[in-house]
Amino acid sequence: VWLAEHQTEGRGRRGRNWVSTFGENLYISIAWRFDLPMSELAGLSLVAGVVVCEVLAHLGLKGHSLKWPNDILVGQRKLSGILVEASGEADGPATAVLGIGVNFRLPEAQGVQIDQPWTDLSRVSPLSISRNRMAGILIDRLILACHLFAAERLAPFLDRWETFDGFSGQPVNLIRGKQTIEGIYRGIAPSGAMVLEDASGRSEHHAGEAD
């Protein structure tokens with residue numbers, strides 16, 4: 001487990017600018033070795049999102065939701081993001097690094113560098129949530145989640161995801177590179193893929209970003 005006060009080489013999805021305020025937010029990475037093929041680690045970002053949402057709820061936050069595949073939102077503004085990177089043998093074992101960032105206090109001067117709507121806990125929660133307390137609880141629950149995922153994959157987390165799913169039944173755009181696919185969001189498949197419905201029926205998508 002690695003906790004940082006500041007990250008100088010962080011990376012956002014789709015090449016987005018990474019903004020890191022010193023000593024204000026939670027930046028945590030946890031590495032886990034799985035005796036699984038690389039292809040079976042695809043659902044880990046969803047697992048991490050579920051755990052972050054549950055920890056925030058445990059600490060008293062309300063009204064937050066998940067956006068496939070790995071963003072936590074409050075009022076359609078990003079509060080937390082997750083990036084999972086895996087390396088190893090195609091047939092296993094493989095090591096995954098789960099990187100998680102949670103905005104506790106982000107100054108407006110730095111927020112203007114972010115190219116999407118954002119928020120932080122100082123703006124959305126009347127509670128004073130301790131970074132140290134959240135880090136400790138989050139580490140404990142991520143360890144439990146990694147053990148469970150290694151044994152049973154994504155199945156035990158599907159209902160937990162639905163508890164925080166904020167887009168069910170809504171029209172979305174799935175962005176995949178230069179391609180945009182429109183449809184109605186119908187949740188996630190057992191594999192972790194996004195399920196979209198359009199005039200031709202339902203389809204599953206394993207990559208991209210919902211917007």
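# Legends to the close-up views

View 1. Strand β3 (residues 64-67) runs antiparallel to β4, and four bridges join them. This is a predicted model, in which local features need pLDDT of at least 70 and side-chain atom pairs count only at pLDDT 80 or more, while totals for chains, interfaces and linings use all residues. Residues are numbered from 1 along each chain as its sequence is written, and side-chain values use heavy atoms, with hydrogens and water left out. Strands (E, at least two residues) and helices (H or I, at least four) are DSSP runs numbered from the N terminus; two strands pair if DSSP finds at least two bridges between them. S65 has L73 in β4 as its bridge partner, and three residues lie between β3 and β4 in their hairpin. On its other pairing, β4 is joined to β5 by four bridges, again antiparallel. V74 stands opposite R77 in β5. The hairpin of β4 and β5 has two residues between the strands, and G75 in this turn has a positive phi of about 60°.

**View 2. The two faces of strand β4.** In a regular strand, side chains alternate between the two faces of the sheet. In β4 (residues 71-74), D71 and L73 lie on one side and I72 and V74 on the other. Are these residues buried or exposed? All four are buried, so both faces of the strand are covered. Buried means under 20% relative accessible area, exposed over 50%, and partly exposed in between (1.4 Å probe, protein chains only).

**View 3. The sheet that contains β8 and β9.** Five strands form an open sheet with antiparallel pairing, in the order β10-β9-β8-β7-β11. β10 and β11 (209-210) stand at the edges with a single partner strand each, so one side of each has no neighbour in the sheet. Strand β7 (residues 171-176) pairs with β8 over six bridges, and P171 has I184 in β8 as its bridge partner. β8 (residues 179-188) pairs with β9 (residues 194-198) over three bridges, with I188 opposite M194. Five residues lie between β8 and β9 in their hairpin, among them G192, which has a positive phi of about 100°.

**View 4. The turn between β9 and β10.** β9 and β10 (residues 201-205) pair in the antiparallel sense over five bridges. D198 stands opposite G201 in β10, and the hairpin that joins β9 to β10 passes through two residues. A199 is found in the loop between these strands, and its relative accessible area of 90% makes it exposed. The C-alpha atoms of A199 and I184 are separated by 9.8 Å, with the two residues 15 apart along the chain.

View 5. A search of the whole structure finds two aromatic pairs. W32 and F34 form a tilted pair, 6.4 Å centre to centre with 45° between the planes. F34 and F149 have ring centres 5.9 Å apart and planes at 85°, so this pair is edge-to-face. The second pair links distant parts of the chain, since F34 is in strand β2 (residues 26-34) and F149 is in helix α4 (residues 131-152), 115 residues apart. Rings of Phe, Tyr and Trp (its six-membered ring) pair if their centres lie within 6.5 Å; planes under 30 degrees apart count as stacked, over 60 as edge-to-face and the rest as tilted. W32, F34 and F149 form one cluster. W32 is buried at 17% relative accessible area; F34 is buried at 1%, and F149 is buried at 1%.

**View 6. Helix α1.** This helix (residues 44-58) has 15 residues and reaches 21 Å from its first C-alpha to its last, close to the 21 Å expected. The expected span is 1.5 Å times one less than the number of residues. Of the 15 residues of α1, 13 are buried. G60, with a positive phi near 110°, follows the helix.

**View 7. The second largest pocket.** Its volume is about 360 Å³, the space filled by probe spheres set on grid points joined across faces, edges and corners. A pocket is an open set of points on a 1 Å grid over the protein atoms alone, where a 1.4 Å probe fits, with protein on both sides within 12 Å along at least five of seven lines; lining residues have an atom within 4 Å of a point. The lining of the second largest pocket has 21 residues, of which L41, A42, G43, S45 and H206 lie nearest the centre. α1 and β5 (77-88) each supply at least two residues of this lining. β5 gives the most, with four. The lining divides into 11 nonpolar, eight polar and two charged residues. Ala, Val, Leu, Ile, Met, Phe, Trp, Tyr, Cys and Pro count as nonpolar, Asp, Glu, Lys and Arg as charged, and the others, Gly among them, as polar.
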